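Reader: I would like to know how the labels used for a protein model are decided. Could you take me through them, setting each value against its cut-off?

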Amino acid sequence: MTAAGSDAAGDLPPSAQPTIRVLIVDDHVLYRRGLDMVLGLEADLTVVGEAGDGLEALELVERLQPDVVVMDVRMPRCNGIDAAAAIRQAAPATRVLMLTTSDDEQDLYGSIRAGVNGYLLKDVPAEEVVAGIRAVHRGQSLISPTLASALLTEFAALSRRSDQAADSSPSRLTDRELDVLRGVARGLSNRDIARELFIAENTVKNHVRNILEKLGLRSRIEAAMYAGRHRLVDHQTP
């Protein structure tokens with residue numbers, strides 16, 4: 001587990017630290033219950049609630065104000081990435097730790113853009129989950145070592161591809177594709193872009209695919225970097 005940042009409280013034994021209030025969010029009931037049992041063995045951790053999807057999680061966060069939300073990425077109704085972004089707006093003091101089976105780079109990047117404080121895979125030992133909760137509560141950021149290595153490698157490649165794509169002119173894009181690109185650069189989801197432009201979400205997906213193809217890019221992050229490089233980003237609050 002890779003982490004950064006600390007404070008004096010981290011030097012205290014768990015029993016001497018303030019109780020950390022945790023909300024568990026996962027669409028698998030048995031996994032929630034198992035995690036509840038694991039966290040219940042820790043003197044400094046208290047599970048204050050459980051949720052089965054992102055919408056329910058947001059409701060409970062607003063009502064319970066937990067210190068840390070431990071959340072899966074892929075869930076019905078509202079996924080963990082969208083929920084994390086909403087939680088960041090509704091309860092800025094609440095930390096979010098993604099705990100998932102997904103090692104997909106797009107899920108990782110989307111979580112980072114949503115402002116999560118940590119990203120761990122479910123195959124880590126229980127003690128690492130516990131340590132991760134304490135770490136993000138102290139203000140640290142952490143990620144599974146295997147993903148950290150992949151992240152550094154991908155960002156290095158991303159930077160090289162972005163430099164190579166810099167010569168691609170924005171004039172290759174239609175006006176609507178430029179509108180969608182600006183939305184991507186502002187960190188909006190396809191759903192949010194669709195609402196803002198009054199078009200269908202599937203239409204946005206098609207535009208994003210066309211943008212990446214025309215500019216020789218591979219991901220939304222590269223598209224956002226391209227938009228910034230070409231000064232296409234509207235810095236007004238969405």
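Author: Below, each label is set beside the rule behind it.

Author: This is a predicted model, in which local features need pLDDT of at least 70 and side-chain atom pairs count only at pLDDT 80 or more, while totals for chains, interfaces and linings use all residues. Residues are numbered from 1 along each chain as its sequence is written, and side-chain values use heavy atoms, with hydrogens and water left out.

Reader: How many helices and strands are there in the protein, and what makes a stretch count as one or the other?

Author: The protein has ten helices and seven strands. Each is a DSSP run numbered from the N terminus: a helix is H or I with at least four residues, a strand is E with at least two.

Reader: How do you know that the span of helix H5 agrees with its number of residues?

Author: The expected span is 1.5 Å times one less than the number of residues. The twelve residues of H5 (126-137) should therefore span 16 Å, and the end C-alpha atoms are 17 Å apart, which agrees. Gly139 follows H5 and has a positive phi, near 100°.

Reader: Why is Ser111 called buried, and what is Asp103 called?

Author: Buried means under 20% relative accessible area, exposed over 50%, and partly exposed in between (1.4 Å probe, protein chains only). Ser111, in helix H4, has a relative accessible area of 0%, so it is buried. Asp103, in the loop between S5 and H4, has 55% and is therefore exposed. By this rule 45% of the 238 residues of the protein count as buried, and in H5 the buried residues include Val129, Val130 and Ile133.

Reader: What makes a residue a contact of Ser111, and which ones are there?

Author: Contact means heavy atoms within 4.5 Å. Leaving aside neighbours within four places in sequence, Ser111 is in contact with Val73, Ile81, Met98, Val116 and Tyr119. With residues up to four places away not counted, Asp103 touches Leu121 and Leu147. Asp103 and Thr146 are 43 residues apart in sequence, and their C-alpha atoms are 9.2 Å apart in space. Across the protein, residues 24 or more positions apart account for 67% of the contacts with a separation of 6 or more.

Reader: What is remarked on in the phi of Gln65 and of Arg77?

Author: Most residues other than glycine have a negative phi. Gln65 is not a glycine, yet its phi is positive, about 50°; Arg77 is not a glycine either, and its phi is positive at about 65°. Gln65 is in the loop between H2 and S4, and at 43% relative accessibility it counts as partly exposed. Arg77 lies in the loop between S4 and H3 and, at 58%, counts as exposed.

Reader: What makes a set of residues a nonpolar core, and which element gives the most to the largest one?

Author: A core is a set of buried Ala, Val, Leu, Ile, Met, Phe, Trp, Tyr and Cys residues joined through side-chain atoms within 4.5 Å. The largest has 27 residues, and Ala84 and Val96 are among those with the most contacts inside it. H3 gives the most to this core, with four residues. Ala84 is in contact with Met71, Val96, Met98, Ala114 and Val116, leaving aside neighbours within four places in sequence. A second, separate core has 21 residues, including Val180 and Leu188.

Reader: What makes one space a cavity and another a pocket?

Author: On a 1 Å grid over the protein atoms alone, a cavity is a set of points where a 1.4 Å probe fits but cannot get out; a pocket is an open set with protein on both sides within 12 Å along at least five of seven lines, and lining residues have an atom within 4 Å of a point. Points are joined across faces, edges and corners, and a volume is the space filled by probe spheres set on them. The largest cavity has a volume of about 30 Å³, and its lining includes Ile24, Tyr31 and Leu99. The largest pocket has a volume of about 1200 Å³. Of the 35 residues lining this pocket, Ile81, Asp82, Gly187, Leu188 and Ser189 lie nearest its centre.
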